[in-house]
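Subject: Structure handover

Hello,

Please find the structure below. My notes on helix packing and pockets follow.

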Amino acid sequence: MKTILNVIWLVLSGFWLFLAYVVAGALLCITIIGIPFGIAAFRIGVYALWPFGYTAVERRDAGAPSCIGNVLWLVLAGWWLAIGHIVTGIALCVTIIGIPLGIANFKLIPVSLLPLGREIVRTDQPFTATAGTQRSGW
């Protein structure tokens, strides 16, 4: 079922979202200061290309620079991206077939608002990415 939804998503909106995030990421990577934001845009773009079967989890090892970057991102781009995902999610939910696609668009809102300090992982292994970063008490 995930594959069918991903193919429908890819045709209807995923490819265009992916292209927009890749262009934004390339533009952000022009400056040295924008490279972390560009990498975040690329990560969101890949997630927007194939969202079913994946989820975003917070990285516990992300520190203060991630928080500061998220505030900058939120002010400069996050609100506009979130509004775009809300509008397209509502538009997709108008039809019965589009409801899962609208929900996938709503799932992209937290990542588009605060992308730094998050990691995209498979839904069947949501804690795999963070398991390797945990340290023992020694």
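Which residues line the second largest pocket? They are Glu58, Arg59, Arg60, Ala62, Ser66, Cys67, Asn70, Leu114, Leu116, Gly117 and Arg118.

Some background before the rest. This is a predicted model, in which local features need pLDDT of at least 70 and side-chain atom pairs count only at pLDDT 80 or more, while totals for chains, interfaces and linings use all residues. Residues are numbered from 1 along each chain as its sequence is written, and side-chain values use heavy atoms, with hydrogens and water left out.

Pockets

A pocket here is an open set of points on a 1 Å grid over the protein atoms alone, where a 1.4 Å probe fits, with protein on both sides within 12 Å along at least five of seven lines; lining residues have an atom within 4 Å of a point. A volume is the space filled by probe spheres set on the points, which are joined across faces, edges and corners.

The second largest pocket holds about 160 Å³ of space. Helix α3 gives the largest share of its lining, 3 residues. (Helices are DSSP runs of H or I, at least four residues, numbered from the N terminus.) By class, this lining has 4 nonpolar, 3 polar and 4 charged residues. Ala, Val, Leu, Ile, Met, Phe, Trp, Tyr, Cys and Pro count as nonpolar, Asp, Glu, Lys and Arg as charged, and the others, Gly among them, as polar.

The largest pocket has a volume of about 380 Å³. It is lined by 20 residues, and Ala24, Leu28, Trp73, Ala77 and Leu81 are the closest to its centre. The elements giving two or more residues to this lining are α1 and α3 (64-92). The lining of the largest pocket has 14 nonpolar, 6 polar and no charged residues.

Helix packing

Axes are lines fitted to C-alpha atoms, for helices over the stretch in contact, and angles run from 0 to 180 degrees between N-to-C directions. Contact means heavy atoms within 4.5 Å.

The axes of α1 and helix α2 (residues 35-49) come within 8 Å and cross at roughly 170°. The two are therefore roughly antiparallel (angles over 145 degrees; under 35 is roughly parallel, 65 to 115 roughly perpendicular and the rest oblique). Their contact has 17 nonpolar, 4 polar and no charged residues.

For α1 and α3, the axes come within 13 Å and cross at roughly 170°, so α1 is roughly antiparallel to α3 as well. In this contact, Trp9, Ser13, Leu17, Tyr21 and Leu28 of α1 meet Trp73, Leu81, His85 and Leu92 of α3.

Helix α1 (residues 2-28) packs against helix α4 (residues 99-107) at an angle of about 50°, with the axes 10 Å apart. The pair is therefore oblique. Leu5, Ile8, Trp9, Leu12 and Leu17 in α1 meet Pro100, Leu101, Ala104 and Asn105 in α4. By class, that contact has 8 nonpolar, 1 polar and no charged residues.

Regards
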